[in-house]
Amino acid sequence: MAFTLYSLLQAALLCVNAIAVLHEERFLKNIGWGTDQGIGGFEEEPGIKSQLMNLIRSVRTVMRVPLIIVNSIAIILLLLFG
Amino acid sequence: MADPHQLFDDTSSAQSRGYGAQRAPGGLGYPTASASPQSAFLGDPVSNMAMAYGSSLAAQGKELVDKNIDRFIPVTKLKYYFAVDTMYVGKKLGLLFFPYLHQDWEVQYQQDTPVAPRFDVNAPDLYIPAMAFITYVLVAGLALGTQDRFSPDLLGLQASSALAWLTLEVLAILLSLYLVTVNTDLTTIDLVAFLGYKYVGMIGGVLMGLLFGKVVYYLVLGWCCVSIFVFMIRTLRLKILAEAAAEGIPVRGARNQLRMYLTMAVAAAQPLLMYWLTFHLVR
């Protein structure tokens, strides 16, 4: 199985890109995963769904700028070296 | 014409040449009693100073590295995982192959810090996983060699592939631990240590398969798979489920059930990966 660390990096980059392109208004709100729909009080058990929503929201906020940089680097490298 | 070749002369026995006064401040303590050509080189004041300067530079560089290495690699934390001795390794390997009779799986604590692996057979260590990983790569090379499929870059590919699977496992387990909001003291390095224990079973299976054939490979691998499954469940149960059990409050069924499922899933992934990473080696 030719599963190398490099392919793991590629897969991780693609996954983070996929999370970043989810549209807030058209998609997340329609399935009830919007950022303003999850913070419902301080119950004891956050539950998997609210944890996932938190995770998506934080990934989108934190990774917005680094993703631009990493994607540009990846594009340039792929153009140069195939 | 006062000695043009003083650099190459033996000055060790020449106290009257005035080099003694210059040799003392050099202070390197090299034995100059022997009448050898090297001492002429050492006795020379320029090279004395050069050596003193060089050694002070080296000491400074070492200080700098020591100060800053802790920022990038937690060396002091890693040292805990390598504090093992032969008896611990022997007992742990026995536990990995036969965990059915061991009664007490709790890690002993000593004033809030876990005891070093040397003193407690239940503590995780990184020595066995690291050695087992390297041995697995070597055994994979050996297995490929006996089938005439060996080439040096395949070794690197095997190592990289196993490392990639390990990374993926660690990330997946960390993600699921986050999603299930388990308050556990299971650190990432602990997790790497636990997930690295399966390489021991893999090596056993492949070696037996190389020596005795495919049937023995399946038998030994099956035994090691079941052992690792039981080992992981008994170890992780204390780490992941301990919170609920230790708090004493009546446990809500759904939460505990989810944690139990998580433990079972982690333990079940081990035999699958053990098979996946070794079946192409034994044909």
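In the predicted model, four residues of domain 1 of chain B are in contact with 12 residues of domain 2 of chain B. Domain 1 covers residues 50-82 of chain B, and domain 2 covers residues 85-279. The C-alpha centres of these two domains of chain B are 33 Å apart. The size of an interface is often given as the accessible area lost when the parts come together. For domain 1 and domain 2 of chain B, the area buried between them is about 700 Å², and 69% of it lies on carbon and sulfur atoms. On the side of domain 1 of chain B, the most area is lost to domain 2 by Y80(B), Y81(B) and F82(B), which together account for 87% of what that side buries.

A helix pair in chain B was also examined. Two packed helices are described by the angle between their axes and the distance between the axes. Helix α6 of chain B (residues 127-146) packs against helix α9 of chain B (residues 198-212) at an angle of about 25°, and the axes are 9 Å apart. Because angles under 35 degrees count as roughly parallel, α6(B) is roughly parallel to α9(B). The crossing of α6(B) past α9(B) is left-handed. From α6(B), the contact is made by I128(B), A132(B), F133(B), T135(B), Y136(B), V139(B), L142(B), A143(B) and T146(B). From α9(B), Y199(B), V200(B), M202(B), I203(B), V206(B), L207(B) and L210(B) take part. Of the residues in this contact of α6(B) with α9(B), 14 are nonpolar, two are polar and none is charged.

Definitions and conventions
Residues numbered from 1 in each chain as written. Chains lettered and ligands numbered in written order. Predicted model: local features only at pLDDT ≥ 70, side-chain atom pairs only at ≥ 80, totals over all residues. Heavy atoms only, no water. Axes fitted to C-alpha atoms, helices over the stretch in contact; angles between N-to-C directions. Helix = DSSP H or I, 4+ residues; strand = E, 2+ residues; numbered from the N terminus. Parallel < 35°, antiparallel > 145°, perpendicular 65-115°, else oblique. Left-handed = near helix turned anticlockwise from the far one by under 90°. Contact = heavy atoms within 4.5 Å. Nonpolar A, V, L, I, M, F, W, Y, C, P; charged D, E, K, R; others polar. Domains from an automatic or database assignment. Buried area = accessible area lost by both parts, 1.4 Å probe.
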